[in-house]
Amino acid sequence: MDLNPMKRLLTFLLFANVFNGAFAQNYDESKVPAYTLPDVLKTEAGKVVADKKTWEQVRRPELLKLFEDNIYGQMPTAFDSIRYKTVQVDKPAMDGKAVLKQVEISVFRNKKSVQISLVLFVPTQARKPAPVFLLINNRGKDNTDPTRAKKSEFWPAEMLIENGYAAAAFHVSDLAPDNKDTYTSALLEKLYPEQLTMDNGMKAIGAWAWGASRVMDYFETDKDINAKKVIVVGHSRGGKTSLWAAAQDKRFAACVSNCSGNTGAALARRQYGERISRINATFPYWFNNNYKKYNDRENDLPVDQHMLIALVAPRPVYVTNASKDLWADPKGTFLALKATEPVYTLYKIKSGLPQNPPGIDMPVIGSHFGYHNREGEHNMTNYDWANFIRFAKGF
Ligand code: GCU
């Protein structure tokens, strides 16, 4: 191209403008469009669910399928075998307050396998079997350092142990590297290559959630762990994953979704902060191909994210925000949680949530619902974890 400098500048400005226009994000509450949420209790046949049996047998499976087909992709569960190898056996840790186990979970299908490395601290003094918080780690592996040379607020294992909880973590890259060019290289190419050919096939977030369920399989075999008290936790992209994992796998006793934002716990139809077109452009490998149809067409989605949270019902669920993290739409997150109430009501569970979002650093913690908007940035900190523990002590 032979453009003079002025023409080049004009071309650049034009391009930048188009680009920004395509991905303009709204942070102005007065510009949130009017919207109607799809009715969580209304079946595809138009019947309004009035009891938990119809919810469990009709509406819940319908919604799961809609999320699979339109957003997160299928969740294949067939495999040939699973093996657990304890590579580190009960090593005393944390001044004797815990033991460290490191377990390699291998899952085989058609003679191929994937390995998930689990880091697990079990409290020595507390009740056995111990309840456990399982972190889906989407940050650097050093955040879950088994040697504890590095102690990260992202996973304050000592705090969990002090409170009688086991602390477990695995890294997402064992299932799917968080990268658009290499995400298929672990679980997808090895165990489920057929998923890669389908428009509603599993992608990275589905693969990470699948991994959480394989850790759950392991917990069911470990006598030190109470497999009925496994709380799955994720932050941000990991928080989108913890919701999808808990929606799919009812064995998780509770779910924590921290700052999960768009295609996590925040309502899509508000179109506030990150939008579907933007997440699909930046992270095309997180969600299935069909999801691309909803770029700039939030209102055409047959679901919204309150329905994903509702799939955790009647189990306890905690969602959070951070005050400076408008990208993840704090208000839209609270409203999504609030909009799950009709489903919990089928189980005679009262949410205890206020009508409007609580103020910054004013956690609302009830028997089944937790919510807070922490002062500060997009992150998961000791403040967040201390509240998750308070919440978990209630069930
Ligand atoms: C990006 C992305 C978010 C995601 C976040 C994270 O900001 O747009 O959707 O939640 O990364 O995972 O930290």
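A residue is called buried when its relative accessible area is under 20%, exposed when this is over 50% and partly exposed in between, as computed with a 1.4 Å probe on protein chains only. Helices (H or I, at least four residues) and strands (E, at least two) are DSSP runs, numbered from the N terminus. The model described here is predicted, so that local features need pLDDT of at least 70 and side-chain atom pairs count only at pLDDT 80 or more, while totals for chains, interfaces and linings use all residues. Residues are numbered from 1 along each chain as its sequence is written, and side-chain values use heavy atoms, with hydrogens and water left out.

Strand 7 (residues 254-258) pairs with strand 6 (residues 225-235) in the parallel sense over 5 bridges, where two strands are taken to pair if DSSP finds at least two bridges between them. Within this pairing, Ile-231 stands opposite Ala-254, and Gly-234 has Ser-257 as its bridge partner. Strands of a sheet pair through backbone hydrogen bonds, either parallel or antiparallel.

Both strands belong to an open sheet of 10 strands in the order 1-2-3-5-4-6-7-8-10-9, with mixed pairing. Its edges are formed by strand 1 (81-93) and strand 9 (364-365), each of which pairs on one side only.

Helix 5 (residues 204-219) lies across strands 1 to 6 and runs at about 60° to strand 3 (112-123); axes are lines fitted to C-alpha atoms, for helices over the stretch in contact (heavy atoms within 4.5 Å), and angles run from 0 to 180 degrees between N-to-C directions. Since 16 of the 16 residues of helix 5 are buried, this helix is largely enclosed by the rest of the structure.

The structure holds 24 aromatic pairs, in which rings of Phe, Tyr and Trp (its six-membered ring) have centres within 6.5 Å, and planes under 30 degrees apart count as stacked, over 60 as edge-to-face and the rest as tilted. One of these pairs, formed by Phe-334 and Tyr-371, is edge-to-face, at 5.3 Å centre to centre with 75° between the planes. Because Phe-334 lies in helix 9 (residues 330-338) and Tyr-371 in strand 10 (residues 369-374), the pair ties together parts that are 37 residues apart in sequence. Both Phe-334 and Tyr-371 are buried.

Another edge-to-face pair is that of Trp-385 and Phe-388, with 5.7 Å centre to centre and 65° between the planes. Trp-385 and Phe-388 both lie in helix 11 (residues 382-392), 3 residues apart, about one turn of the helix, and both are buried.
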